[in-house]
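Subject: Structure handover

Hello,

Please find the structure below. My notes on what was found in it follow.

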Amino acid sequence: MSTTATPHSIVAEGLTKRFGDFVAVDAVSFHVNKGEIFGFLGANGAGKTTAIRMLCGLSIPTSGKGTVAGFDVYTQTERIKRNIGYMSQKFSLYEDLSVTENIEFFAGIYGLSRDRIRTKREELIAKLGLVQEADKLVGALPLGWKQKLAFSVAVFHQPQIVFLDEPTGGVDPVTRRQFWDLIYEAADVGITVFVTTHYLDEAEYCDRVSIMVDGRIAALDTPTELKKQFGTGTMDSVFYELARGAKRGGA
Amino acid sequence: MATQGKKKRSAHLSHLLSFVRKEFRHMLRDRKTLLILFGMPVVQVLLFGFVLSNEVKETRIIVVDQAKDAVSQALIEKIEASSYFTVLTDSLPPTGITDAFRSGRIKAALVLPVDLQRDLLHDGRNTVQILTDATDINLAQTIEGYLTAIITDFSLADGMAAPYVIAPETRMLYNPELRGAPNFVPGVMAMVLLLVCVMMTAVAIVREKETGTMEVLLVSPMRPVMVILAKAIPYLILSFINLLAILLLSTTALDLPIKGCLPLLLAESTLFITTCLTLGILISIVTASQQTAMFIALIGLLLPTMMLSGFMFPIENMPMALQALAYATPSRWYYVIVKDIMIKGAGISALWQETAVLAGMTLLLFALCLKMFNIRLDER
């Protein structure tokens with residue numbers, strides 16, 4: 001019945017969201033392959049957040065078609081939610097809970113069994129090198145560690161797709177680099193990564209990049225192809241070329 | 001199919017449980033807030049019970065005795081004998097009274113005329129003058145009431161009244177000693193429940209919006225309704241503990257027994273707690289910051305509860321607009337219910353109207369919650 005057999009993790013065809021007269025997302029079409037790292041770029045107000053919300057099952061589209069992990073964005077939002085992970089630009093763990101408690105809570109709401117949680121939790125804590133800090137409150141950890149922990153928690157239930165909404169905001173370059181190692185690791189085990197960012201050097205790390213302008217997708221290709229198309233050497237100038245024509249939002 | 005449904009339900013339950021456990025952790029970890037939440041009702045009950053009292057004790061009064069005869073002497077002794085007054089014995093000319101009032105040395109004065117005894121014997125009546133310091137209206141009225149009662153009682157007891165004087169016999173039902181406790185304990189209950197359920201719930205939910213964790217929860221398979229339910233449960237339990245603490249304190253420390261049926265009182269309280277939780281959730285849905293939520297809860301609910309529930313000021317004396325507002329305040333209905341059960345021993349047959357109003361309000365708020373929640377969810 002479902003279309004899980006297709007190689008695409010995400011399919012959008014003419015996906016549109018209107019708020020009154022305002023067309024936040026205007027007939028967007030694209031697909032994301034399984035295990036791909038897909039960069040979703042755009043200036044503020046370009047419609048990125050609205051698009052992500054539709055794909056995560058938080059907002060029902062006005063028109064168009066879409067499937068996420070093989071499930072319909074209109075009728076199967078519950079199943080979509082069970083198969084995705086999410087990490088937002090705002091830090092998304094509880095600062096007044098310990099590392100262990102945070103992992104347990106988020107794993108719990110994804111319905112993982114207690115035994116599973118316990119073994120996987122130990123593994124994760126060891127992997128992140130947080131054994132000493134396991135019972136410390138998350139609020140006491142440095143931002144870089146928090147961010148890595150937040151990502152690990154977002155993929156703890158082994159989702160098919162993880163949505164990262166500006167995950168590296170306010171993090172120093174070294175930590176950002178380490179964070180991307182975690183992203184690669186997740187992609188290696190077959191998790192599709194859908195990531196938005198304001199750092200254009202990070203766009204280079206993606207397999208493919210789409211750039212949204214005024215609710216539409218203005219460009220979509222590999223970073224190398226995009227640079228060739230626009231005849232420049234950096235993603236920065238590609239983005240600037242596209243974004244300066246934007247009519248809304250402040251870039 | 002049936003087993004699948006069952007499995008699904010037990011999954012929802014275990015989600016809910018892990019969520020509730022987390023909420024308790026938040027609550028228990030925030031020691032300061034917890035201390036306030038548990039300390040507040042205790043302090044309030046004790047404060048209202050022992051310090052802030054409407055009751056008048058040992059008011060300083062001067063009796064200007066111009067008669068200086070047997071009758072006046074007897075009357076003064078009677079006043080002195082009551083625990084309400086302390087009679088200052090200095091002899092003052094009537095003009096000196098003003099100074100005594102102004103300096104705050106006395107709160108009341110009683111002037112007995114020269115021919116007190118003669119007039120009483122001849123005409124069977126006389127007029128004495130009572131002066132009170134009305135800068136504090138409540139105090140002045142209470143003093144006047146007490147003093148009049150003593151004097152009336154005196155003239156009747158001593159058989160000095162003419163046979164045809166009609167003396168009204170007043171009985172204060174349910175609270176003959178005019179104690180403050182029956183009035184404020186229900187008031188404090190309404191206030192504390194309101195504070196815990198409305199403000200704390202609203203703040204707890206809005207906090208998740210502020211920190212960004214709400215987004216993560218909404219993207220999870222956890223149903224939004226469950227998220228909110230899980231938030232409300234710990235505060236429900238907390239307010240129940242508070243409720244029991246208040247009742248325990250009022251029955252032991254303040255000697256205010258519960259005349260009516262305790263299960264009924266608890267059931268009505270649960271209804272009010274539900275009303276408050278729904279209100280708290282509604283506030284959390286329409287606000288985006290903890291400050292705004294707290295402000296709305298305090299200004300929009302706590303003040304009306306204190307001012308309009310009839311706990312501090314009688315609703316009957318308010319202008320129409322305020323009366324209408326008072327009837328729209330849930331705590332007003334709860335206050336009446338608690339008072340009637342605790343003090344009068346009323347049963348559900350006497351309270352079904354108030355209960356119906358409260359239940360109706362809760363349903364209305366709940367419907368509003370659901371509607372707003374869905375709108376917000378889509379438009380953010």
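Which residue of S7(A) does A:Ile84 stand opposite? A:Ile84 stands opposite A:Ile161.

Some ground rules before the rest. This is a predicted model, in which local features need pLDDT of at least 70 and side-chain atom pairs count only at pLDDT 80 or more, while totals for chains, interfaces and linings use all residues. Residues are numbered from 1 along each chain as its sequence is written, and chains are lettered from A and ligands numbered from 1 in the order in which they are written.

Sheet in chain A

The open sheet has six strands in the order S6-S7-S8-S3-S9-S10, and its pairing is mixed. Helices (H or I, at least four residues) and strands (E, at least two) are DSSP runs numbered from the N terminus, and two strands pair if DSSP finds at least two bridges between them. Strands S6 (84-87) and S10 (216-221) of chain A are at the edges with a single partner strand each, so one side of each has no neighbour in the sheet. On average, neighbouring strands are turned by 15 degrees against each other, direction ignored. Axes here are lines fitted to C-alpha atoms, for helices over the stretch in contact, and angles run from 0 to 180 degrees between N-to-C directions. S6(A) and strand S7 (residues 161-165) of chain A run parallel and are joined by four bridges.

Two helices of chain A pack on this sheet. Helix H6 (residues 173-188) touches S3 (37-42), S7 and S8 (192-196) of chain A, and its direction makes about 145 degrees with that of S8(A). Helix H9 (residues 235-243) touches S3, S9 (208-213) and S10 of chain A, at about 25 degrees to the direction of S9(A). Contact means that the C-beta atoms of two residues, placed from the backbone, lie within 7 Å.

Backbone points in chain A

A:Ala69 has a phi near 55 degrees, a positive value in a residue other than glycine. A:Ala69 lies in the loop between S4 (63-68) and S5 (71-72) of chain A, and counts as buried because it has 23 C-beta neighbours inside 10 Å. The cut-offs, with C-beta atoms placed from the backbone, are 20 or more other C-beta atoms within 10 Å for buried, 12 or fewer for exposed, and in between for partly exposed. A:Gln158 also has a positive phi, near 50 degrees, and is found in the loop between helix H5 (143-154) and S7 of chain A. With 15 C-beta neighbours inside 10 Å, A:Gln158 counts as partly exposed.

Chain B

Chain B is divided into domain 1 (13-52 + 179-379) and domain 2 (59-157); the bounds come from an automatic or database domain assignment. The C-alpha centres of these two domains of chain B lie 47 Å apart.

Chain B has an open sheet of four strands in the order S2-S1-S3-S4, with mixed pairing. Its edge strands are S2 (85-88) and S4 (129-132) of chain B, each pairing on one side only. Five bridges join S1 (residues 59-65) to S3 (residues 108-112) of chain B, and these strands run parallel. In this pair, B:Ile62 stands opposite B:Ala109.

Contact between the chains

In total, 20 residues of chain B are in contact with 23 residues of chain A. H1(B) gives the most to the side of chain B that touches chain A, with eight residues.

Regards
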